Amino acid sequence: MRFADIKGNDDVKAALVGMADSGRIAHAMLFYENEGCGALPLLLAYFQYLNCRNRQGGDSCGECPSCSRISKLIHPDLHFVYPVNAGSKIGTSVKPSSEAYLKYWRELVTANPYFLESELYAALGMEKKAGNIAVAESKFILDKLSMTSVEDGYKAVVIWLPERMNAEAANRLLKIVEEPPEKTVFLFVTHAPEKVLQTIFSRCQSLRVLPLSKQDVAEVLHSQFSIPCDQAESQACVSGGSIGVALNMLGDREDYDAFMDLFSDMLNAAAAKDLLTVLETAETIASWTSREKQKGFCTFAGECIRKIFMVKENMAVISNVPAEEMQFFTGIAAKCQKNFCPRAIGYINKASSLLDRNVNPKIIFCDLADRIFLNI
């Protein structure tokens with residue numbers, strides 16, 4: 001992965017190149033992105049640049065043995081840690097770990113480095129379970145870093161979603177993150193920096209990976225994923241600057257349509273003061289067996305609330321609302337109270353947080369439905 005292969009975030013690229021060229025390498029860096037905006041490709045390009053023997057014009061050569069191994073994700077000094085759980089692809093006899101799922105991780109990142117969290121769990125065969133980073137992963141990292149580098153270059157530990165790391169695992173890593181071995185870097189990718197344990201966050205240099213422009217999203221969809229130009233441009237307009245979101249919407253329209261139907265039914269019924277229908281939609285969501293799907297609905301609902309707010313504030317042009325959905329968003333924006341959107345976002349975020357704590361979904365979504373009904 002070269003910087004030239006990645007669209008957007010030129011300031012971040014320049015900062016990473018400057019850091020490497022000056023020799024002032026941060027030992028721990030946290031890349032904060034909106035899901036699917038390209039933080040993982042950026043940090044892979046950075047690690048490749050650090051280890052490239054033939055740097056050219058502020059980029060790696062892409063041809064030397066080190067670059068080749070990094071681009072294939074088989075470099076012996078590049079280690080990955082990400083949320084896992086028991087899944088169908090490793091069976092019950094194998095303890096869940098990043099190492100156990102490494103084959104499937106490599107396949108996913110190679111095919112689509114802009115993947116979403118839900119797509120990772122699907123690729124690992126654990127669609128109905130939430131992943132976490134347990135203390136065993138910390139032991140894996142400590143063991144790997146106790147060895148000298150194979151290629152006499154930099155070693156890197158990539159931790160994808162440190163917000164999924166439990167406190168015990170984080171505490172085991174504190175000392176080595178703060179004082180790593182020579183020529184070792186920790187590279188974190190987070191979608192929710194406020195949920196990263198403060199002890200880890202405070203030891204990292206943070207970089208914000210911004211959403212891409214519509215033009216960049218469309219170009220990547222067309223050039224790298226062979227999406228027809230007209231479809232790529234249309235999808236870029238509603239992606240929120242996320243290539244991962246655009247690809248997910250293109251490939252999984254069934255879930256999107258189901259979420260949209262339930263969300264519109266809930267809000268239209270709430271606006272009409274039809275409490276029974278509001279509660280029925282909540283029951284439907286609560287009946288899903290996958291908590292990840294329920295959390296996906298919360299994420300979707302939060303994005304819809306953002307669109308309602310923008311339409312209500314006369315910013316429909318930049319709200320990323322598809323043309324076929326504009327009538328619904330315009331109608332519901334006219335019916336809801338002025339303070340509904342900020343309150344609704346709070347209720348939805350609370351519901352998502354309670355799902356992480358394994359609270360009964362029926363209680364969560366009944367409460368959410370009641371609050372939506374009372375405040376619209």
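Me: How do you know that helix α9 has close to its expected span?
Reply: This is a predicted model, and the span is computed from it. Helix α9, residues 214-225, has twelve residues. At 1.5 Å a residue, 16 Å is expected. From first C-alpha to last, α9 reaches 16 Å.

Me: Which residues of α9 are buried, and what do they pack against?
Reply: Asp 216, Val 217, Ala 218, Val 220 and Leu 221 are buried. They pack against α10 (229-236) and α11 (243-251).

Me: What comes just after α9?
Reply: Ser 226 does, with a positive phi of about 60 degrees.

Me: Why is Val 317 called exposed?
Reply: Its relative accessibility is 77%. Exposed means over 50%. Val 317 therefore counts as exposed.

Me: What makes up the largest nonpolar core?
Reply: It has 62 residues. Tyr 46, Tyr 82 and Trp 105 have the most contacts inside it. Helix α2 (residues 39-51) gives the largest share, ten residues. A second, separate core has 44 residues, including Val 238, Leu 262, Leu 267 and Phe 328.

Me: Which residues is Tyr 82 in contact with, leaving aside neighbours within four places in sequence?
Reply: Among them are Tyr 101, Leu 102, Trp 105, Leu 120 and Trp 160. Contact here means heavy atoms within 4.5 Å.

Terms used: Residues numbered from 1 in each chain as written. Predicted model: local features only at pLDDT ≥ 70, side-chain atom pairs only at ≥ 80, totals over all residues. Heavy atoms only, no water. Core = buried A, V, L, I, M, F, W, Y, C linked by side-chain atoms within 4.5 Å. Buried < 20%, exposed > 50% of the residue type's maximum accessible area, 1.4 Å probe, protein only. Helix = DSSP H or I, 4+ residues; strand = E, 2+ residues; numbered from the N terminus. Expected span 1.5 Å × (residues − 1).
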